[in-house]
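This report goes through selected strands, helices and ring pairs of one model. The sequence and structure come first.

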Amino acid sequence: MASRSRTFRRSSAAAMARHVAQQAGLAAALKDEVTGAQLAEVFARDRLPGRWIGRGAAKLELGELVRMPDILAVMRDGVLKRPDPLDPLAPDTEIRLRGAGAEVGFYGVILALPKSVSLLLASDDPAEREAAEEAARVAERVFLETLEGLVRTRTGRDGVNSVSGDGLIAASFTHRGSSAGDPHLHVHFMISNSTQGSDYAWRTIDSKLFMSSQRVATAAAMRAMKACISELLGLSEDAWLSRQVGSVQTPELRDLAGAAENLSRASERLWRDRVKSGLHRTIDDRLDHHLWRLDREANAADYEKIEAEIDLTLANGGENADRLRADWRTLGGAALEKGLAGLRARRGGEAPSPSPSRRKRGGYDQKAALDFICGQEIFCLTDLAAWMVGEGVPAADSMLKAAKFLDAAAAEGLVHMTGKLSPTVFAMQEGLAVDTRRAHAVAGIGGRIVTDRRVQWEARMIEEFSALARQQRQRLLIEVPETATVEQSIALRLIAEGRGLCAIRGVAGAGKSFILKPAAEAARRQGMEVIAIARNAKIGRNLGQDIEANAAMSIADFLTRHQSRVGKARKPTLLVIDESGVVDEADLLAVLRLAADPASQIQVVMTGDRSQSQSIDRKATWGVLTRAAEQAGAVAELKTSFRNRAWAAEAQALREGDARAVVDAAARGGRLKTANSADYARVVAALWAEHPGSLVVTYTNEEAARISAEIQKLKEIEPVVEIARDQGCGVGDTIRTRRNDHDRSIYNGDTWEVIGAEEDGIFVENAAGRVVFLTSEYVKQHVELGYASTLDSAQGMTVDRAIFVGRAGLGRNQMYSGSTRGRAAPIYVMVSDEEQPEAVLASILETDDTIATADERVEEIAAKADELKKPRRLDAERERVEAERAARVAKTVRIWEAIKAAGGAEVSSLRQMTGVIRRASAAIHEQERLALERRQNRENRRFDLYEVLEANRAGLLEAERQLDRLSEALAAERARKLPETATRAAHQAQAQRIATLEALLENQRGLYGRVAERWQGVETNCAARLAEIDEIDASDRAWQADFLGRLRGEADAAEAGIKDFLARAAGRQARPKATGSGPEVT
């Protein structure tokens, strides 16, 4: 709740109902202490229960105050009933906010004001408090108005057209405190997933555009908030400082910016102590400060009650509100008092205004805009638009200005995009319909723009580290185990070459430790030091134990120790980096640049997998480095998993994102479970009890703590010692340490069993039988229950079975990484309040969360640009056909109007001619439709053949590269001269290596010949089939032209007859009537 940024997430109606009941109703929390009448009186004040806002809410006449029946009707059911204003006795009219089968639900959005602005609520000056309240109201209004200006929906078959929406239906709830108990102004929006189109039909909001546009809306809200406070308090520009949060410039009050953190920490300690003691004060001064007790076990709901209590206290006013504000000022201490005094000294100045230089350039500094995009790596159009709003550009103009600026930057080669952005953005801004895919590519959350700076940086990294991979360091005489597979043997031979850098890519459970152990043994025999490192000490230490390394540590510790040895003699080192794919860019590059220094005598072996968990900094460093190693021929692949051998097909389907195969396999084995957000912890705990030795893997620490608490209850263990996360542990519990203690060999992520509890700490034992004593101070801060693990904690573990807890929003790599920890097939628990487990699992597997390199992004952008061009030609042709059909229909209407004025034999003849035209028109339209379908099918077949050619070409190139690597290895081995003192055994070993390489080379030549032969056959076959398609296409076009020509000839002849009839009819109508009063024209 203390986040200064806003978050978007798709929520269920059930979660929304609980939020409203908890935050606005509070009846369940206060039980019988406050009567319904008193609550109603409190709710009637100051917008506390929530308000309906937005043009959509106004159209539906929902009123102002939010009522639970309307919330459920709008957000959950999508059907709103309204009485007939003309007939009160008639049945209620139903307004449907969704189409048949459309998705229901709402968007949960949080707009948080900066903490320095929220601190004005603690002021004893009513004007400052009212300024903060008014700023929240203004920010709320501007945020929603900006979203309404950008919201779009989709029409047509499969939603091919993107059209403007007309208004949003939103319920807003303003809160004034956080769960830490400090002042925190923020607004919860519940925005219905429906908007009204130009045809007055309610349709689902286009989520990709909606979620992207929230950046611009937030920037506009922050700018409006700043202007409001500056005007009300008379603050100048000097009173503010700007803090960049993503692409949004967040204004902070300069004098109060430093006081917010101190107050937050002090307030959190105070309220947590109150929660743990089980005591809270009521918020109504008429209740004479009666005490009410929370549940015995403190949990997240208790801290939500803190937030609700602050809201009700401030809304109710009186002495309690004054006392709360005084408490805040006391907790804030001298920093808060000094900040408020400094703010008052600044009041009375002039409100900030844009600088002339910005106005001259359309509202923003172009050089600053250029610096902004060059400082990014991968961003969206809305990121630049949000930045421009912070610089003073009106929100309504920001998207088009940003698009024009990026078009100019792309022309200069500074960015890579799918094409020009401004035409599509202009059409969207003018309310015109555009192609949905083009709208998503231009302004959607997936419309990525890559800076050339990132592309050039990655190119330099590839060049730098491919040179490291080509450097020859100390060769290793590795004894390849007899049980090693061909893949593992090739990897060992690569390590034995003694390169400065080599990379081993392997699936989960591929035996990376198995191949690293003989390499480490060879290095130690040859006088080298072996060091195993990883992002955290636990993974590094586990690898170090497996390969019997001389030392094992985290990357941070390795870098620190290496700096302390600068200038000292170093021993040749084999450095093994485990799970390199999760290491942040700065750490990984720091290690490799140390290795690039020849004086360091370090040769690096990296292991990792791009299909597992990704790095926290969300950069594709591992992908860049493996590409560098690949260019130097220093990459080996391990594609066979030994850990998941019992369910290999399902594991491969998980890796590839084959949702159907995974769902079918899990359903057959009864391993696909479902749970809602209220009881998922109980469901998972029961599954854990049914499957001893399993590991629960979930996404967040909060979920892991909740599940662990339920398992503790199942084990009937009485918590006797307080640990972190407001939980407790007892004898028999499994716990996890969360902080390193290198002196005692205790590491972050280690699991232990509690075997004894004392007043000053606990005795714990690990799986190896080692017993240590943890002090109560350490336990309270750095120990948690260890029955469930997050994805990060589970990395590198091997257990009997994994129980994976998933929900919508996770990605394929996260699921693959967590589910493949077990030897047996995993159990999937999908958490959702409304969706079926199969749908949730499929949505996870369809979300590719692999971090792409800049080159891959550029290739993706180019492919998307080509894809956008292809359908446009077909769409244009389809539009031409539809336009011709509409013109023919209009002609037919005019003809029948003339028929009504005719009669007799002429009508009979005319009916025959119009029948000819109607049948010809229908036949022409149907044939043109079928011709378009046939052309589309032929295009699809062409693309399929091109894909077959590309796949076989890739196989040929890979076989050729493997042949070259083996040839180079054989030549190097033959050229290597043993010293004169070498023993006979050494010469025999070299001869054996040469013989092995010759055999492998001969096998590879045979394989290459077979692949080349297959490639020639495939190429010939595809060329023949492509020629056949071209011949069919030409024949079809000729036949269609002849057939349609005959039909159009018949229609033209009939139309000529009709024109003759119409001319005669017009002449008759213009002929004067013979009457006594003279000629009359009708």
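## A hairpin and its enclosed strand

In the hairpin formed by E12 and E13, two residues lie between the strands, and Gly246 has a positive phi near 65 degrees. Helices (H or I, at least four residues) and strands (E, at least two) are DSSP runs, numbered from the N terminus. The model is predicted: local features need pLDDT of at least 70, side-chain atom pairs count only at pLDDT 80 or more, and totals for chains, interfaces and linings use all residues. Residues are numbered from 1 along each chain as its sequence is written, and side-chain values use heavy atoms, with hydrogens and water left out.

Strand E12 (residues 240–245) pairs with E13 in the antiparallel sense over six bridges; two strands pair if DSSP finds at least two bridges between them. Pro251 in E13 is the bridge partner of Ser242. Six of the six residues of strand E13 (residues 248–253) are buried, so the strand is largely enclosed by the rest of the structure. Buried means under 20% relative accessible area, exposed over 50%, and partly exposed in between (1.4 Å probe, protein chains only). Val248, Thr250 and Glu252 point one way from E13, while Gln249, Pro251 and Leu253 point the other way, and all are buried.

## Parallel sheet

Strands of a sheet pair through backbone hydrogen bonds, either parallel or antiparallel. Axes are lines fitted to C-alpha atoms, for helices over the stretch in contact, and angles run from 0 to 180 degrees between N-to-C directions.

E26 and strand E37 (residues 827–831) run parallel and are joined by four bridges. Leu672 has Tyr828 in E37 as its bridge partner.

## Antiparallel sheet

Another open sheet is built from five strands in the order E33-E32-E31-E30-E34, and its pairing is antiparallel. Strand E33 (771–775) and E34 stand at the edges with a single partner strand each, so one side of each has no neighbour in the sheet. The twist from one strand to the next averages 45 degrees.

Within this sheet, strand E31 (residues 751–758) pairs with strand E32 (residues 761–765) in the antiparallel sense over five bridges. Val754 has Val764 in E32 as its bridge partner.

## Helix H28

Helix H28 (residues 701–714) has 14 residues, which at 1.5 Å a residue should span 20 Å; its end C-alpha atoms are 20 Å apart, in agreement. The expected span is 1.5 Å times one less than the number of residues. Just after H28, Glu716 takes a positive phi of about 55 degrees.

The buried residues of H28 are Glu703, Ala704, Ala705, Ile707, Ser708, Ile711 and Gln712. Their cover includes helix H27 (680–690) and strands E27 (694–698), E29 (727–729), E34 (783–785), E35 (788–790) and E36 (801–806), where contact means heavy atoms within 4.5 Å.

## Aromatic rings

Rings of Phe, Tyr and Trp (its six-membered ring) pair if their centres lie within 6.5 Å; planes under 30 degrees apart count as stacked, over 60 as edge-to-face and the rest as tilted. By this rule there are six aromatic pairs. Tyr107 and Phe210 have ring centres 4.6 Å apart and planes at 45 degrees, so this pair is tilted. The pair links distant parts of the chain, with Tyr107 in strand E5 (residues 106–112) and Phe210 in helix H8 (residues 207–233), 103 residues apart. Tyr107 is buried at a relative accessible area of 1%, and Phe210 counts as buried at 1% relative accessibility.

The rings of Trp1039 and Phe1043 have centres 5.1 Å apart and planes at 5 degrees, so the pair is stacked. Both residues lie in helix H35 (residues 984–1070), four residues apart, about one turn of the helix. Trp1039 is partly exposed at 44% relative accessibility, as is Phe1043 with a relative accessible area of 22%.
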